[in-house]
Amino acid sequence: MAQEPKRGVVYVAWGRDHVDVARRSAASVKKWNPDLGTAIWCKEGDDTSGFDQAFFIPEGLKRPKVNVLGESPYDETLFLDNDTIVRADLSSFFDLLRKYEMCGTQVILWHRPRHQKKIALDLPDTFPEINTGVLLYRKTPAVLDFFRDWAETFAASGMGIDQPSFREVLWRSDVAFYVFPPQFNKRVFEASELIWSDAPRPRILHLELLRPQKNRFLRWVSNRIR
């Protein structure tokens with residue numbers, strides 16, 4: 001009997017179009033990391049081909065990922081938003097979990113008012129939001145407590161976005177957290193990067209263009225990103 005992988009990538013998708021782009025992301029994971037498991041939380045009845053495991057999202061959740069990440073079937077988990085493409089072997093990325101319990105990257109445009117929203121705590125702007133679309137974590141008691149606190153804080157906030165609550169929970173948490181390089185959550189390209197750059201090659205693309213596109217031309221472009 002095959003042993004379940006210790007490491008894996010999880011997605012949360014609601015609706016066929018979002019499951020389709022998550023499937024494309026999962027295929028990119030397998031291309032570079034064939035030993036990693038893949039799992040998806042989705043609506044019952046969605047096509048879950050292309051994933052190793054599938055789970056159904058409970059009814060009534062406002063932002064399901066906040067509630068289900070602690071239920072990962074893996075000991076060491078990479079959560080990816082659906083609008084992502086993996087472009088590298090992620091072994092050394094997962095090796096961060098030999099020391100840290102959770103890892104993420106800071107939002108790039110942290111100075112903007114939309115990334116400074118307060119719930120209960122007055123936090124310094126030098127403690128930016130973490131982009132919650134790429135999160136690496138291992139299931140320790142502290143991490144599971146963090147996810148429970150995040151779910152409760154998010155629900156109490158009344159907000160439709162989850163990063164302000166993640167920021168405040170992280171501030172008061174004892175989780176061993178590490179901020180990894182932006183190439184593992186590449187959100188923005190500078191014009192110079194499209195011509196030439198000595199910066200490290202992006203390992204995980206996380207782009208709005210990779211979301212479900214209704215425009216035919218944008219969909220054509222999106223489907224050609226590798």
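The side chains of Thr-140 and Glu-101 are joined by a polar contact of 2.7 Å, a polar contact being a pair of N or O atoms within 3.5 Å in which, within protein, one must be able to donate a hydrogen and the other to accept it, residues adjacent in sequence counting only if both atoms are side-chain atoms. The model is predicted, so local features need pLDDT of at least 70 and side-chain atom pairs count only at pLDDT 80 or more, while totals for chains, interfaces and linings use all residues. Residues are numbered from 1 along each chain as its sequence is written, and side-chain values use heavy atoms, with hydrogens and water left out.

Thr-140 sits in the loop between strand S7 (130-138) and helix H4 (141-157); helices (H or I, at least four residues) and strands (E, at least two) are DSSP runs numbered from the N terminus.

Helix H4 comes next. Buried residues of H4 are Val-143, Phe-146, Phe-147, Trp-150, Ala-151, Thr-153 and Phe-154. An α-helix has 3.6 residues a turn, so residues three or four places apart point the same way. The cover over the buried residues of H4 includes helix H2 (64-68), strand S6 (102-106), S7 and helix H5 (163-172). After H4 comes Gly-158, with a positive phi near 75°.

S7 also gives the most to the lining of the largest pocket, with three residues. On a 1 Å grid over the protein atoms alone, a pocket is an open set of points with protein on both sides within 12 Å along at least five of seven lines, and lining residues have an atom within 4 Å of a point. Of the 38 lining residues, Arg-63, Lys-65, Asp-81, His-206 and Arg-211 lie nearest the centre of the largest pocket. Helix H1 (16-32), H2, S6 and S7 are the elements giving two or more residues to this lining.

A further loop, between strand S2 (37-42) and strand S3 (53-56), holds Asp-46. Asp-46 is buried, at a relative accessible area of 18%. Asp-46 and Asp-17 are 29 residues apart in sequence, with their C-alpha atoms 9.9 Å apart in space.

Conventions: Buried < 20%, exposed > 50% of the residue type's maximum accessible area, 1.4 Å probe, protein only. Contact = heavy atoms within 4.5 Å. 1 Å grid on protein atoms, 1.4 Å probe; cavity = no way out; pocket = protein on both sides within 12 Å on 5 of 7 lines; lining within 4 Å.
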